[in-house]
Amino acid sequence: MSGKVILYTDGACKGNPGPGGWGVVLRYGGARKTMYGGEPHTTNNRMELMAAIQGLKALKRGCAVELYTDSQYVRKGITEWLSGWKRNGWRTSAKKPVKNDDLWRELDLQAANHEVNWHWVKGHAGVPDNELADELANRGVAELMNG
């Protein structure tokens, strides 16, 4: 694995469902890269997942990654719930299909290429790179809405 990468990821949605965006701040050594995108009809949870997927996809080789998200859904999903969903054929403990399983499968695939430590950070609490990821996610929504 190469050096340590720091990722801050965030999602945003105007209406839930509605137009949504995702944002990523990637740091490696002294370099910083930002990315964002959006989808016309989605949910906040899907955009939170998409941010993590896109951040990991941007890494060209296996890395040690410190990934920060303000989404407990993403952090708990990947660290606590995923193994059970896979064991249960992508069903919840209540035997219902896992929501967003397409993105959970993709996130699992992307994370497998790296050594990822998943961190939860309180949103809108003045953490600079989390605030920037939020701004980027909202830019993704705004560009969709303003055409």
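Trainee: Are tryptophan 85 and tryptophan 104 buried or exposed?
Mentor: Both tryptophan 85 and tryptophan 104 are buried. Buried denotes under 20% relative accessible area, exposed over 50%, and partly exposed in between, with a 1.4 Å probe and protein chains only. The model is predicted, so local features need pLDDT of at least 70 and side-chain atom pairs pLDDT 80 or more, whereas totals for chains, interfaces and linings use all residues. Residues are numbered from 1 along each chain as its sequence is written, and side-chain values use heavy atoms, without hydrogens and water.

Trainee: Why does tryptophan 85 count as buried?
Mentor: Its relative accessibility is 10%, and the limit for buried is under 20%. Tryptophan 81, at 33%, is partly exposed.

Trainee: Why is the pair of tryptophan 81 and tryptophan 85 called tilted?
Mentor: Rings of Phe, Tyr and Trp (its six-membered ring) pair if their centres lie within 6.5 Å; planes under 30 degrees apart are stacked, over 60 edge-to-face, and the rest tilted. Here the centres are 6.0 Å apart and the planes at 50°, so the pair is tilted.

Trainee: What makes the pair of tryptophan 85 and tryptophan 104 edge-to-face?
Mentor: The angle between the planes is 65°, at 5.2 Å centre to centre; the edge-to-face class requires over 60 degrees. This pair links distant parts of the chain, with tryptophan 85 in helix 2 and tryptophan 104 in helix 3, 19 residues apart. Helices are DSSP runs (H or I, at least four residues), and strands are E runs of at least two, numbered from the N terminus.

Trainee: Which residues form the aromatic cluster?
Mentor: Tyr73, Trp81, Trp85 and Trp104 form one cluster.
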